[in-house]
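Hello,

Here is the model I promised to pass on to you. My notes on what turned up follow below it.

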Amino acid sequence: MVHGLQIAAALGTSLCIVAALAASVVPSPKGGPTPVPSAPAKLPANGQANPLTNASSNATASWCVQIGKRLPGVTSEQCRKSGLSASGGLSARGQPIMVRRFVPLKTGDSHGVRILLLGGIHGDELTASAVVFQWMQWMQTAPAQDFSWTVVPAANPDGLLAPKPQRVNAHGVDLNRNFPTPGWQQDAPRYWARATGNDPRRFPGKAPLSEPESRWISAEMERFQPQVIISVHAPFGVLDFDGPAPTPHQFGRLLFNPVGVYPGSLGNYSGVHKNVPVITIELPNAQTMPPPAEIKRIWVDMLGWIQHNVPNVSQGAQVPAQAAASIPYSQPHAAPDQPISAHR
Ligand SMILES: [Zn+2]
């Protein structure tokens with residue numbers, strides 16, 4: 001029976017962390033004074049100064065100074081070298097949503113499985129953004145180089161860069177409850193009240209897509225037509241999955257652990273209702289990075305799963321939809337306000 005507060009028992013979570021260190025990742029102490037770069041970001045290879053490019057580079061450099069102060073294991077220099085640029089989307093506070101897009105190295109076109117990788121939709125999960133910065137260094141190596149990527153390491157810049165990092169954006173909205181799942185107007189406020197006790201960290205907003213960050217992600221999904229979405233979180237140390245593909249069982253040490261689906265969550269919106277699979281990676285600690293070998297192993301296992309389970313269909317084609325019809329909506333098996341259930 002379809003019920004308003006729908007929690008699909010069929011979905012799960014599990015995560016593992018594996019890591020191999022990228023030699024260029026240098027853990028740096030945070031909290032100390034971080035020098036503001038006196039020189040602008042690199043000029044283009046030809047040395048020509050394009051005013052627009054320079055403005056963009058300066059914006060990236062400024063943003064990266066903040067990132068370097070905030071994230072574990074990510075320096076400002078590493079951030080600047082990551083190739084991110086302003087997407088055009090802005091947060092509630094007007095901060096840029098930074099993005100990098102990769103096309104397949106050999107073909108240079110849009111062919112190749114399209115992957116949307118989001119870090120830090122919850123701003124206080126610092127490692128969730130930092131791990132994405134780490135993975136970005138490996139995107140032009142096999143097999144990642146054969147895919148098309150849209151990478152957003154800090155999907156909630158307001159939360160991440162707040163004086164004290166916070167889960168919600170500057171409007172106090174949990175972006176991972178703000179996606180337009182069917183029945184949102186009824187289900188999301190009711191779930192928030194009944195299951196979370198009006199927890200301000202889990203406020204779904206006053207309307208679906210009320211927030212500029214969730215609107216940007218939704219628009220990017222329409223534009224890019226990802227065939228799989230990876231959303232990185234912390235600190236529950238599990239792997240979760242929603243959508244029409246065989247369930248991944250283990251990435252690194254993270255194990256699939258079924259939890260549920262929530263009104264307005266990305267997994268619910270994309271995985272269940274849009275039939276685009278969503279992998280949710282929950283790192284085991286929000287402030288401390290996994291060991292390098294674990295970071296690497298999660299990456300390797302994740303790409304292996306994508307290679308074997310996500311068909312490479314042409315741009316605009318639909319991923320076969322089987323999940324929406326097959327996932328039973330039901331009452332939660334466990335109290336829905338258990339911390340792990342309420343988290344994602
Ligand atoms: Zn989270």
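An open sheet of mixed pairing is built from 9 strands, in the order 2-3-5-4-6-10-7-9-8. Its edge strands, each pairing on one side only, are strand 2 (85-90) and strand 8 (250-251). Here helices (H or I, at least four residues) and strands (E, at least two) are DSSP runs numbered from the N terminus, and two strands pair if DSSP finds at least two bridges between them. In total the protein has 10 helices and 11 strands.

Before you go further, please note that this is a predicted model: local features need pLDDT of at least 70, side-chain atom pairs count only at pLDDT 80 or more, and totals for chains, interfaces and linings use all residues. Residues are numbered from 1 along each chain as its sequence is written.

The average pLDDT (the predictor's confidence in each residue, from 0 to 100) is 81, and 75% of the residues score at least 70. Residues 1-49 have a pLDDT below 50, with 146 contacts in the model beyond near neighbours in sequence. Residues 315-343 also stay under 50, and the model has 56 contacts for them beyond four places in sequence. Where pLDDT is low, the predicted coordinates should not be read in detail. By contact I mean that the C-beta atoms of two residues, placed from the backbone, lie within 7 Å. Of the contacts in the protein with a separation of 6 or more, 80% are between residues 24 or more positions apart.

**Strand 6 and its partners**

Strand 4 (114-119) runs parallel to strand 6, joined by 5 bridges, and Gly119 stands opposite Val232. Strand 6 also pairs with strand 10, again in the parallel sense and over 5 bridges; there His233 has Glu282 as its bridge partner. Strand 10 (residues 278-282) in turn runs antiparallel to strand 7 (residues 238-242), with 5 bridges, and Ile281 is the bridge partner of Leu239.

Strand 6 has 6 of its 6 residues buried. A residue counts as buried if 20 or more other C-beta atoms lie within 10 Å of its own, exposed if 12 or fewer, and partly exposed in between, with C-beta atoms placed from the backbone. The cover extends to both faces: Val228, Ile230 and Val232 are on one side, and Ile229, Ser231 and His233 are on the other. For the protein as a whole, buried residues make up 51% of the 344 residues.

Beyond four places in sequence, the contacts of Leu118 include Val152, Ile217 and Ile230.

Helix 6 (residues 212-224) lies across strands 2, 3, 4 and 5, at about 165° to strand 4. That angle runs from 0 to 180 degrees between N-to-C directions, with axes fitted as lines to C-alpha atoms, for helices over the stretch in contact.

**Helix 7**

Helix 7 (residues 266-273) holds Asn268. This helix is largely enclosed by the rest of the structure, because 7 of its 8 residues are buried. Asn268 is buried, with 30 other C-beta atoms within 10 Å. Leaving aside neighbours within four places in sequence, Asn268 is in contact with residues including Thr181, Asp242 and Tyr262. Phe179 is 89 residues away along the chain from Asn268, yet their C-alpha atoms are separated by 8.5 Å. After helix 7 comes Asn275, with a positive phi near 60°.

**Backbone details to check**

- Ala142 and Pro143 are joined by a cis peptide bond, with omega about -10°; Pro143 is in the loop between helix 3 (126-136) and strand 5.
- Leu209 is not a glycine but has a positive phi of about 55°; it counts as partly exposed, with 19 C-beta neighbours inside 10 Å.
- Gln225, not a glycine either, has a positive phi of about 50° and lies in the loop between helix 6 and strand 6.

Best wishes
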